[in-house]
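Reader: I have a model open and want to go through it with you. Can you start with the overall picture and then take single residues?

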Amino acid sequence: MLIHDQIPTQEIQAEQLSDKEVRLFILRLDQIHPLVSGNKFFKLKYNLIQAKKEGKNTVLTFGGAFSNHIHAVAAAAREEGFRAIGVIRGEESSSLNPTLQFAKEKGMELHFVDRSVYRKKEQEDFLNGLKARFGDFYLIPEGGTNSLAIKGTAEILDKNDTEYSHVTCSIGTGGTFIGLASSIVSGQDLLGFSSLKGSFIHDEMRTKLSKEAVLPKGMLTIIDAYHFGGYGKFKPELIHFMKSFYDKFQIPLDPVYTGKMMYGVFDLLQKDFFPKGSKVLCLHTGGLQGVKGFNQRFGEDLPSR
Ligand SMILES: *Cc1c(COP(=O)(O)O)cnc(C)c1O
């Protein structure tokens, strides 16, 4: 079974915070395991236990070429003794980016499919074709979100975390948000910052909450104003913010998820969103493996550790 280190919590000291009489803490999920970082650790934990229970020796999953999920599955599968197959969206290029290079080094078999084929990732006949090709496997969906993933992310917060008035996380597929929604206590507000463009995310999260029969004890708010153009997109002010955040606090962020969330948290702080006396816990969900590839691709120099 995957085992993680203790989760460090770090308080941030800044004038903006003391001016508003708000305290802000970062839950460093990026530091809990040398290779299976962040929320992905929790999302994979019970899926790998289930795969073993079912007697499967192979796991198969889907992801983009820079995916944190692919990176985590490759590392976790190796550690737990599974054969891993990654179905990757897009063409294979002559040189692998750092994410795929890592996955390959961990023994993941990379299978590239174009976008139109990739879209069939939930279709029975496509999955049967993959079984004919690779043999039987335990399927982990793209992004890793299913009921077992949510059982895992429900374990992120523990009894020491009930003292916070607000908990914040980034939203991709929402597996983390839903798990947190099931574990916040009465009086706590959960804020989810969408990394995707569009207000569809509100309905999507409502649907997932009811599908998983989650009845939150605290309040949920989804914020869709900090996507910076959409999933994987960015703007200069985001990069600037992430660099200055690192200079002030020595905490690296990733440009797809945690950078956007922290930008949003500080923007809301400036706009007096948090009442005086708030204690805010922000989840650093990891994603730092992607920074190297991001820097190579866009000629940036974001810090990654
Ligand atoms: C995958 C990921 C997320 C999004 O998690 P979901 O459960 O898909 O919403 C957030 N932050 C980081 C760093 C991630 O890698």
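Author: The protein chain has twelve helices and ten strands; helices (H or I, at least four residues) and strands (E, at least two) are DSSP runs, numbered from the N terminus. The radius of gyration is 19 Å, close to the 19 Å that the globule rule gives for 305 residues, so the chain is as compact as a globular protein of that length. That radius is taken over C-alpha atoms, and the globule rule is 2.2 Å times the number of residues to the power 0.38.

Reader: What kind of model is it, and how do you count things?

Author: It is a predicted model, where local features need pLDDT of at least 70 and side-chain atom pairs count only at pLDDT 80 or more, while totals for chains, interfaces and linings use all residues. Residues are numbered from 1 along each chain as its sequence is written, and side-chain values use heavy atoms, with hydrogens and water left out.

Reader: What box do the C-alpha atoms fill? And how much of the chain is buried?

Author: Along the principal axes, the box is roughly 60 × 45 × 35 Å. Of the 305 residues, 53% count as buried. Buried means under 20% relative accessible area, exposed over 50%, and partly exposed in between (1.4 Å probe, protein chains only).

Reader: What about the surface and the charges?

Author: The chain exposes about 14,000 Å², and carbon and sulfur atoms supply 48% of that. Those areas come from the Shrake-Rupley method with a 1.4 Å probe; for residues, only the protein chains shown count as cover. There are 38 positive and 35 negative side chains, and the centres of the two sets lie 3 Å apart. Lys and Arg count as positive and Asp and Glu as negative, with His and the chain ends not counted. Each charge is placed at NZ of Lys, CZ of Arg, CG of Asp or CD of Glu.

Reader: Of the contacts between residues at least 6 apart, what share joins residues at least 24 apart?

Author: That share is 74%. A contact means heavy atoms within 4.5 Å.

Reader: Helix α4 next. Which of its residues are buried?

Author: In α4, residues 98-105, the buried ones are P98, T99, L100, F102 and A103. They pack against α3 (68-80), β4 (83-89), β5 (109-113) and α12 (289-298).

Reader: What happens at the two ends of α4?

Author: At the start, a side-chain oxygen of N97 comes to within 2.8 Å of the backbone nitrogen of T99. After the helix comes G107, with a positive phi near 95 degrees.

Reader: Which residues have a positive phi without being glycine?

Author: F228 is one of them, at about 55 degrees, and Q250 is another, near 55 degrees.

Reader: Are those two buried or exposed?

Author: F228 is in the loop between β9 (219-223) and α10 (236-249), and it counts as buried because its relative accessible area is 10%. Q250 lies in the loop between α10 and α11 (258-270); at 51% relative accessible area, Q250 is exposed.

Reader: Now S195. Where is it, and what does its side chain reach?

Author: S195 is in the loop between β8 (189-194) and α9 (200-211). Its side chain reaches the backbone oxygen of I171 at 2.8 Å. That is a polar contact, meaning a pair of N or O atoms within 3.5 Å; within protein, one must be able to donate a hydrogen and the other to accept it, and residues adjacent in sequence count only if both atoms are side-chain atoms. S195 is buried, with a relative accessible area of 1%. Beyond four places in sequence, its contacts include H227, Y231, Y257 and K260.

Reader: And S278?

Author: S278 sits in the loop between α11 and β10 (279-284) and is buried at 5% relative accessible area. A polar atom of the S278 side chain lies 2.6 Å from the backbone oxygen of P275. Leaving aside neighbours within four places, S278 is in contact with E21, V22, R23, S165 and H166.

Reader: Last one, L130. Where is it, and what does it touch?

Author: L130 is in helix α6, residues 124-134, and is buried at 3% relative accessible area. Not counting residues up to four places away, L130 touches L60, F62, V87, H111, G135 and F137.
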